[in-house]
Amino acid sequence: MNRRSAAVIAARCAVLWLALLCSACASLSDRQRDRAAGIAAAARSQVVDCTQADACALRSPLYDLGDQARAASTPEAPRHYAVILDQGSDALLARLNLIRSARERIDLQTYIFDKDDSARLVLDELLAAARRGVKVRLLIDQLSAIADLEILAALSGAHENFAIRIYNPSFGKAKLNYLDYAGSVLCCFRRFNQRMHTKLLLVDGRVGISGGRNYQDDYYDWDAEYNFRDRDVLVAGPEAEAMSRNFQSFWDARRSVPAERLNDVGRTLLDAGVPAMPAPRYLRPERVRAASEEASDAAVIRERFVDTAYPVGAVRYIADLPQKHRRERRDDDAPAAPELEALIRGAHSEVLLQTPYLVMSKQAQAMFREMRQRQPPPQVVVSTNSLAATDNPIVYSMSFKYKRRYLREFGFQIHEYKPFPEDAPVDYATLMPEGPPLAPDAVAARNDGVRGPSGSIGPSSGSQGETTRRLQRTESRPSFLSRGAGAEPLPLKRAGVRMGLHAKSMVIDGETAVIGTHNFDPRSETYNTEAAVVIDDPAFAQALAASIRRDMSPRNAWVIAPRAKPVVFSGLDYSLGKVSEALPIFDIWPWRYATSYQFQPGPDCPLPVTPKDPAFHRCYVSVGDFPEVNVGPKWLYTRILTAFGAGLVPIL
């Protein structure tokens, strides 16, 4: 071992030792944890505001779908209603309405729970439900749980009907710092990466919502700078019982720790008792008020959700169990990845796949190579992020590295989402700068001093969006890595409210629809627990396919296709690029096999065509490898990740 290697090892050991030392100093004894739990339990209110048998639940036509489906079902022929929640503001509206309509219990499971406008609104609704007699259980993955010890301590002692647990807490803490993070990576890398990515809202075991959305403004079209194009599915009917069983397995898991028994939350309770819940300080109070009022409007709920619900037959909720995180596990503990793979393998004509992060495991690559050899092979059409739209440039660099493989070896047709889509399912009015003004005290409270590009889709940006820069805590990084330039999407050539894909959906042969949390990537297969709703119904599947194809339309996406071949040296260029791509490091060949194209309609090109059509290069114009990105030094950054980042694929 040379001196440099020894120095690196010594530095890592020092960081680990410091992290463990600090954790040990901050850890509570068993007796202290019991005392903290006792303080929280003693403070919980037992007052119930309602004496009615239905807990004064809101009468909701959306909730009633669950009863209607159950009444029409038999064990041999289950019946369900399914609603695609495409628009962010509608997805929030449906959640608020269902929480208010709960009569017995609410189970909420998520990866991210923030404290911004949408998250705080949901949290207050959950507390209100508990106070009127509904049992509420909130389970959040520790990596992106509510990053406020005062709020967590307040919740732990809020009401006897309200319980909150944190999944897989490193060092027994709710909130990690940089040293904790470094120590977790060094001492227990595998466990630290095992996250609960499952997302579920279940009301009375009758109606459930699952999909890509977390609890943060970015997922409901409420952020002033960056919003996710996401998708959930609402399911009403007997399959909600399977959702309930899966949630219970997570709630009972050893890694699900009551918030009051965590070291930092417990210390807060021991030092000052149960604090009062901080008053909400909304950035857009008028928008919050409007959403709250709309959530109780039966006519609005009926029009947006009930009238658009699809009556379907059998529904399958395929969800990993927490036992997936054990070293020794049964196949039944992690069914999501193999069952989704089986669906893809069973395709005859087409796989329509939408994922924000196009990075594939070796097993997935082998599957698509095998499918490519069939005669005729099924088409694989992929909707994913561009570099300009993604929230995770590191992941995109791996997608960029293997584009030749995806196009030539797997036969993929790839469409990359634009940062400023012209026809997205979004309420554009909520993103405009002339909307409700920021509350002055909220601006001061939320301004962290970091400014970034802001504005709106369409018209030029106004000054309102430039007032503050909220922490962006997305699924690609925990809250303590969310400050500074390294946590930002790449800078663009123009200002606007940027959008990026976060939906995870699939349609097989136009008949089977899948909406869930699985990103179809190595992390989802190996580390995260995931869930998916599978519906075998042609009408529902075609509606989902139409939604995905809308995201792939020329107004919303660029097409990835081989470059127009030069007159000479095309074979040499291809061969050298292929060799360079195969290298785990030093993949530095600058001319890639494929690039991005924009459709140019005209008399000879009235409709988009595929890259295999002879008219493709007449109807499409190249817009470069990284369209819309203000490249600058980021070009080098992306190339470096492409050259040296292949080893990161399993954990991306």
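1. The structure holds 16 aromatic pairs, where the rings of Phe, Tyr and Trp (its six-membered ring) pair if their centres lie within 6.5 Å, with planes under 30 degrees apart counted as stacked, over 60 as edge-to-face and the rest as tilted. One of them is formed by F368 and F412, whose ring centres are 4.9 Å apart and whose planes stand at 85°, so the pair is edge-to-face. Because F368 belongs to helix α14 (residues 362-372) and F412 to strand β14, this pair ties together parts that are 44 residues apart in sequence. Helices (H or I, at least four residues) and strands (E, at least two) are DSSP runs, numbered from the N terminus.

2. The model is a predicted one, in which local features need pLDDT of at least 70 and side-chain atom pairs count only at pLDDT 80 or more, while totals for chains, interfaces and linings use all residues. Residues are numbered from 1 along each chain as its sequence is written, and side-chain values use heavy atoms, with hydrogens and water left out.

3. Both F368 and F412 are buried, a term that means under 20% relative accessible area, with exposed meaning over 50% and partly exposed in between (1.4 Å probe, protein chains only). A stacked aromatic pair is formed by F616 and Y620, at 4.4 Å centre to centre and with 15° between the planes. F616 is buried, as its relative accessible area is 0%, and Y620 also counts as buried, at 6%. F368, Y406, F410 and F412 together form one aromatic cluster.

4. Two disulfides are present, a disulfide being a pair of cysteine sulfur atoms within 2.5 Å. The link between C50 and C56 has an S to S distance of 2.0 Å, and the torsion about its S-S bond is about 85°, so this disulfide is right-handed. C50 counts as buried at 9% relative accessibility, whereas C56, with a relative accessible area of 37%, is partly exposed.

5. The other link joins C605 to C619, with S to S at 1.9 Å, and is left-handed, with -80° about the S-S bond. Since C605 lies in the loop between β20 (594-599) and α21 (616-619) and C619 lies in helix α21, the pair ties together parts that are 14 residues apart in sequence. C605 and C619 are both buried.

6. An open sheet of 10 strands runs in the order β11-β18-β17-β16-β12-β13-β14-β19-β20-β21, with mixed pairing; two strands pair if DSSP finds at least two bridges between them. At the edges stand β11 (315-319) and β21 (620-624), each with a single partner strand, so one side of each has no neighbour in the sheet. Within this sheet, strand β13 (residues 379-385) and strand β14 (residues 412-417) run parallel and are joined by six bridges, and the bridge partner of T384 in β14 is E416.

7. Which strand holds R229? R229 lies in strand β7 (residues 226-229), and with a relative accessible area of 1% R229 is buried. Its side chain makes a polar contact with the side chain of S547 at 3.0 Å, where a polar contact is a pair of N or O atoms within 3.5 Å and, within protein, one must be able to donate a hydrogen and the other to accept it, with residues adjacent in sequence counting only if both atoms are side-chain atoms. Residues touched by R229 (heavy atoms within 4.5 Å), not counting those up to four places away in sequence, include D86, Y417, H502 and D551.
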